[in-house]
Amino acid sequence: MSTALTYKIYSSTSEFPSNWDAFAVKNVFLSKEYLHILEVSSPENMVCTFIGLFQGEELVGVALTQFIDLSAVRSFGERDHCVKTEIRNFAFKKFSSNVLVVGNNTLTGQNGFCFSENVSVADVLVALNNAVQAVKIQIQKKGQKVHLIIFKDFSETQIPLFELPEFQSYFKFSTQPNMLFGIKKHWDSFDDYVLDLNKKYRDQYKRARKKADGITKRKLSLEDIANYKDRIFELYMDVANNAPFNTFYLPENHFGIFKKALKEKFLFYGYFNGGTLIGFNTLIKNGNDIDTYFLGYDEKCQREKMLYLNMLYDMIGYSINKGFNRIVFARTALEIKSSVGAKPEKMYGLMQHSNWFINLFIARLFRYFEPEMIWTERNPFK
């Protein structure tokens, strides 16, 4: 399919057209402000590239790609130690370690591109695929291979848009769902939410709050984040290392850079037992949504104090009280998020291996290596 759209590739946000943010008004994660933060605080094994789509001289779309070198990740996750995990890790490093992601691998959801209503979706996707192939060539000219191209995190209504000849060689896959929490119109306060819980989950709430006796929560300023930097990173790594699979690790200064740039759009809450920081969570305001970001905690305190569950309740309380419409809880910890009222949204992606022979078997390989996630959806409301 031919397209009238052209593209330009930018290696830095300083090169952006002046009207870039006209396309990011509904998604802070595609704004120049956010992308600049990502540019300067990305994980060591991630390089961001930005794409502008044009109709003639007019900018009609913007996009983000991330080149991730998995061979630089010292550990993909330390929780699972089985033969299958060892084989998966070896295979990733040997045959799929260099991944070009169309989207944002630090977030869940379609935060990879947006475009004008005056251009067709098909034209945008074809031009975007052409641009991604050009980014791949740029990377290869620098002496690095691109093993996999992945378009990530599309909903059931979005993924059919890719049924185009240009994407026939891509494998459609499904990953863990995005957990979304819709805030009901009649909840004027957090107490209204608690009243809507059925007895079993209201008892869970009371038990969690009782367990957290003695824990204090405090919003941390930029200065606080700097003062607790080492402890924050230690708590973040405790959680990251316990994940079943990691593609990156954040740098130590990541949260400080975010707070300095986004100010009150970025919320950082610390949890203290006495004078000791035992956990933290972060939130990003994105229009009518609030997105949960990274967190960290001391595993022993988490079990004793039901810390993670209390964090979820606190996020819900804040979002209700501040008038947000939805919380994007992202993937992982599906069952506990479901127990507080989050609902799963199935997510899809597309992948293509650069080796044509491996690409023939990519569906079978993906099903073998994708970590199995068995969980039970809960319904906590009356």
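Predicted model: local features only at pLDDT ≥ 70, side-chain atom pairs only at ≥ 80, totals over all residues.

Me: How much space lies in the second largest pocket?

Reply: On a 1 Å grid over the protein atoms alone, a pocket is an open set of points where a 1.4 Å probe fits, with protein on both sides within 12 Å along at least five of seven lines. Its volume is the space filled by probe spheres set on the points, which are joined across faces, edges and corners. For the second largest pocket the volume is about 960 Å³.

Me: How many residues line the second largest pocket, and which lie nearest its centre?

Reply: Lining residues have an atom within 4 Å of a point. The lining of this pocket divides into 14 nonpolar, 11 polar and 7 charged residues (Ala, Val, Leu, Ile, Met, Phe, Trp, Tyr, Cys and Pro count as nonpolar, Asp, Glu, Lys and Arg as charged, and the others, Gly among them, as polar). The lining has 32 residues, and nearest the centre are Lys26, Asn27, Gln110, Phe113 and Gln158.

Me: Which element gives the largest share of the lining of the second largest pocket?

Reply: Helices (H or I, at least four residues) and strands (E, at least two) are DSSP runs, numbered from the N terminus. Elements that each supply at least two lining residues include α3 (121–141), β6 (148–154) and β13 (343–353). The largest share is 3 residues, from β5.

Me: How many disulfides does the structure hold?

Reply: A disulfide is a pair of cysteine sulfur atoms within 2.5 Å. The cysteine sulfur closest to that of Cys48 belongs to Cys114 and is 16 Å away, too far for a bond. Both residues are buried (under 20% relative accessible area, with a 1.4 Å probe and protein chains only), Cys48 at 8% and Cys114 at 16%. The number of disulfides is 0.

Me: Which residues does Asn129 touch, not counting residues up to four places away in sequence?

Reply: Asn129 sits in helix α3 and is buried, at 6% relative accessible area. Contact means heavy atoms within 4.5 Å. By that rule Asn129 touches Phe151, Glu166, Phe167 and Tyr170.

Me: How many residues apart in sequence are Phe248 and Glu44, and how far apart in space?

Reply: Phe248 belongs to the loop between α7 (229–241) and α8 (254–262), and its relative accessible area of 9% makes it buried. Phe248 and Glu44 are 204 residues apart in sequence and, C-alpha to C-alpha, 7.9 Å apart in space.

Me: How many salt bridges are there?

Reply: Side chains of opposite charge can pair when their charged atoms come close. Here a salt bridge is a side-chain nitrogen of Lys or Arg within 4 Å of a carboxyl oxygen of Asp or Glu. The count is 14.

Me: Which residue forms a salt bridge with Glu33?

Reply: Glu33 lies in helix α1 (residues 32–41), and its partner is 232 residues away, in the loop between α8 and β9 (266–273). Glu33 is partly exposed at 35% relative accessibility (partly exposed is between the buried limit and exposed, which is over 50%). At 3.4 Å, N to O, the partner is Lys265.

Me: What is the phi of Asp153?

Reply: Most residues other than glycine have a negative phi. Asp153, in strand β6, is buried at 5% relative accessible area. Its phi is positive although it is not a glycine, at about 65 degrees.

How values were computed. Residues numbered from 1 in each chain as written. Heavy atoms only, no water.
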